[in-house]
Amino acid sequence: MTERNYSTVNPCIMCQPIGSVIAFKGIEDSMVLLHGSQGCSTYMRLHLAHHFQEPVDIGSSSLSEKGAVYGGSENLKKGLKNLILRYNPKVIGVSTTCLAETIGDDIGSIIADFREEEDLADEIMIIPVPTPSYEDSHNSGYIKAVEAIVKQFTIHESGNEIFNNKLNVVLSENISPEDTRELKKILSDTLGSNSFILLPDISETFDAPMTGKLQKIFPGGTTHSDIADMKNSAATIGLGITNNNKAVSYLDKTFEIPSHNLPLPIGLEYTDRLLTELSGIAGTDIHEDYQKERGRLIDAMVDAHKYVYGTKVAIYGDPNNVLGILSLALENGMHPLLVVASSKSPRFAEYAMERVRQVKPDCDVTVLEDVDFDAFNDAVKKAKPEMLIGNSNGKYISKDIGIPLVRIGFPIHDRVGAQRMLAIGYRGAMEMLDRITNTILEAQEEKLAAKWSEPESYVPLGEDSFHSAEA
Ligand code: SF4
């Protein structure tokens, strides 16, 4: 991957607990407490607040040197008590950080002791999730937390076993609040508003309306009764295919709920797959609104084709997101030279190459996974793309080599609106395509600006355009 791969330099991934925090924020009335030093929770609060532009409260057990030497159980118990008294949550996710994992604190038994010692925890579900960052990334933290949530709720609520004929939809990667709203709309329009259970649901909790009233825990998220009811559903769809969606496997194995995984519905083909699946489940034709949206997307693709065709791109970020953008890029005639999943993702390369073979078999593409920005920088310089597509952390590479960056994914810290960014569904594909096309047009204008300094001068289009169409 890189000639200097003896250490990680500027990781493309974030801490494992941050994924766990995002997952817990997608369920009703929940708070997260990080068992570790204060710096971990401060960093994660800031990181999430910058991306979502919302206040993000996260508790900390504030481990100090003493806790690191003698164990952090007292700190964790005090932290839990404080959190309950101040926030009154119904669910608390306790995620470990590197320090807590290194000293070997057994959070399961500390939580059990806390329950024995404190009556105030009787009605509260406390869910431990081990998330040492040196082991993996925010993506695995998200998957682990979603699995832990489903396990706790389905075991805890045993006895309620009435078939509900619903579809479980379980995400295996973080999507934006706007994407979540779009997904809920698609599910509601195709199946009916009470016919599915989506987990996690950050549509409101990370993009809450301003009401003038301070809310300690934002309303919204998947309801507790819905999560408990997932074991009574007719089927499960996991969204995301590059990693093992552990909650989906658990529901399948434990409750024999038939399941399969689909790619995140980004771009034409992957959205078609979801809509076809949903219309099959509903036993109806694809909803008329989505047939119209699909037609508009095809129209937009025809309009944009003359600008985007042949553009050499490098795509990077969270694996399922990257796979979707790769699919969209190929469908629009772009030339992906470099496709990079920032975290470990066992099936990413296989699915990325499968999509390349389906659409553009002669495309000379390099697929990498689990790389840092140092390695990515080397790979970009070698591949020489004309555009980067990924999160805002790639801006230094984009500035250094003087190519544009289309911001998408997580995190986006240097622009506003990440929480309202839409990538999924036909509408998301149109928005993405418009952004990519307009970025190409802007870059082309900048390149030609010198020649346009004389207003009367005429520069024929294509003479010195952004990219070479035969690439
Ligand atoms: S100590 Fe671990 S969990 Fe905490 S901020 Fe650093 S990498 Fe993340």
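Begin by selecting domain 1 (16-155) and domain 2 (167-288): both contribute residues to the lining of the largest pocket, so this pocket lies between them. The domain bounds come from an automatic or database assignment. The model is predicted, with local features needing pLDDT of at least 70 and side-chain atom pairs pLDDT 80 or more, while totals for chains, interfaces and linings use all residues. Residues are numbered from 1 along each chain as its sequence is written, and side-chain values use heavy atoms, without hydrogens and water.

Next, select E54, P55, A208, Q215 and F218, which lie nearest the centre of the largest pocket among its 25 lining residues. A pocket is an open set of points on a 1 Å grid over the protein atoms alone, with protein on both sides within 12 Å along at least five of seven lines; a cavity is a set where a 1.4 Å probe fits but cannot get out, and lining residues have an atom within 4 Å of a point. The largest pocket holds about 500 Å³ of space, a volume being the space filled by probe spheres set on points joined across faces, edges and corners.

Now turn to the cavities. The whole structure contains three of 30 Å³ or more. Select I175, S176, D179, N321 and G409, the closest to the centre of the largest cavity among the 18 residues that line it. This largest cavity has a volume of about 180 Å³, and its lining draws at least three residues from each of domain 2 (167-288) and domain 3 (289-453).

Finally, select I22, Y142, L171, N174, I175, T180, P200 and I202, which line the second largest cavity. Its volume is about 40 Å³.
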